Amino acid sequence: MEKNIKIENDKAVLSINPKMYDLEVIYSATYLFLDKSYIILDGDPKKEILVKIKAKKGKDIEEIAHDFFNELINYSDYKKRADSTRKIRELILQRALATNDPNLVEDDEFDRLLKELDGESEESDENDMIVPWEDDEN
Amino acid sequence: MKISFNKNFYSKKAIETAIKDFNEFIISFNQEDFNLNIEFNEEVFDEFCNYVLGLSLNDR
C-alpha cells in the first residue's frame, strides 16, 4: 500500500486505481476529509486518480492518508450494499407512500411483493378470509 | 498563485462561484477556463481550493 501513498512534510499524494474504487466512492471519501485537510483532485479518472492532501493544523498527515484508504473501502462496501438492496428499498417506500391510497397500487411486482409480505399465495381464495362474527348473525 | 483545476473533477461554475464568494480576500485574478492565476491578501489559497472542490462535489 505504501507505494500508493507518498508523504512529504505535511502533504501526501495518494494514487488511486479507479478500476478498484468507483469514482463516486472517491468523491464520498474526499468530501468526508474536507474538514480535516485541504484536498486537490488530479489525474486521469480512467487510469490513475491523484488525491493531493495537505493536513490542517494539528492533524497528522500519515493518519489522514491511511484513513482515506479505509474510507474508500468503507464507502465501496456501502455502495455495493445500497445497490443490491435498491429494488426492495424502492418497493418498501412505494408501499409506504401508497398505504393511504390503494388506487395508486398498479405495479404487478408491487402486488406480488405485497402478497408475499402479507403471507398470501396465489392459491388463497375467498373462503380463507376471516369473516367477522357480527356478519354471521345478519 | 497559479492553479490549474483538473476539468475531470472540477466544474467551471464552482470556480466562478468561489471567486465571487472569496471576493473580499482576492487582490487580483485571471481566469481562463480551468486555469486560474490568483492573488490573495491573506493565506486563504488552501481554503479556496477546498471550497472549489466542495462546490464541485455538490454540483455532481
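Reply: One term before we start: a residue is buried under 20% relative accessible area, exposed over 50%, and partly exposed in between. Also, this is a predicted model.
Me: Where does D77(A) sit?
Reply: In helix α2 of chain A, residues 61-84. The C-alpha atom of D77(A) is 9.5 Å from that of V25(A), though the two are 52 residues apart along the chain.
Me: Which strands does α2(A) lie across?
Reply: β1, β2, β3 and β4 of chain A, and α2(A) runs at about 20 degrees to β2(A).
Me: What order do the strands come in?
Reply: The 4 strands go β1-β2-β4-β3 in an open, antiparallel sheet in chain A. β1 and β3 are the edge strands, each pairing on one side only.
Me: How many bridges are there between β3(A) and β4(A)?
Reply: They pair over 8 bridges. As one example, G43(A) has I49(A) in β4(A) as its bridge partner.
Me: New topic: S37(A). Buried or exposed?
Reply: S37(A) is buried, because its relative accessible area is 0%. S37(A) belongs to strand β3 of chain A, residues 37-44.
Me: And what does S37(A) touch?
Reply: Leaving out residues up to four places away in sequence, its contacts include I53(A), I64(A) and, from chain B, N50(B). A polar atom of the S37(A) side chain also lies 2.9 Å from the backbone oxygen of F33(A).

Definitions and conventions. Residues are numbered from 1 along each chain as its sequence is written. Chains are lettered from A and ligands numbered from 1 in the order in which they are written. This is a predicted model: local features need pLDDT of at least 70, side-chain atom pairs count only at pLDDT 80 or more; totals for chains, interfaces and linings use all residues. Side-chain values use heavy atoms; hydrogens and water are left out. Helices (H or I, at least four residues) and strands (E, at least two) are DSSP runs, numbered from the N terminus. Buried means under 20% relative accessible area, exposed over 50%, partly exposed in between (1.4 Å probe, protein chains only). A polar contact is a pair of N or O atoms within 3.5 Å; within protein, one must be able to donate a hydrogen and the other to accept it, and residues adjacent in sequence count only if both atoms are side-chain atoms. Contact means heavy atoms within 4.5 Å. Two strands pair if DSSP finds at least two bridges between them. Axes are lines fitted to C-alpha atoms, for helices over the stretch in contact, and angles run from 0 to 180 degrees between N-to-C directions.
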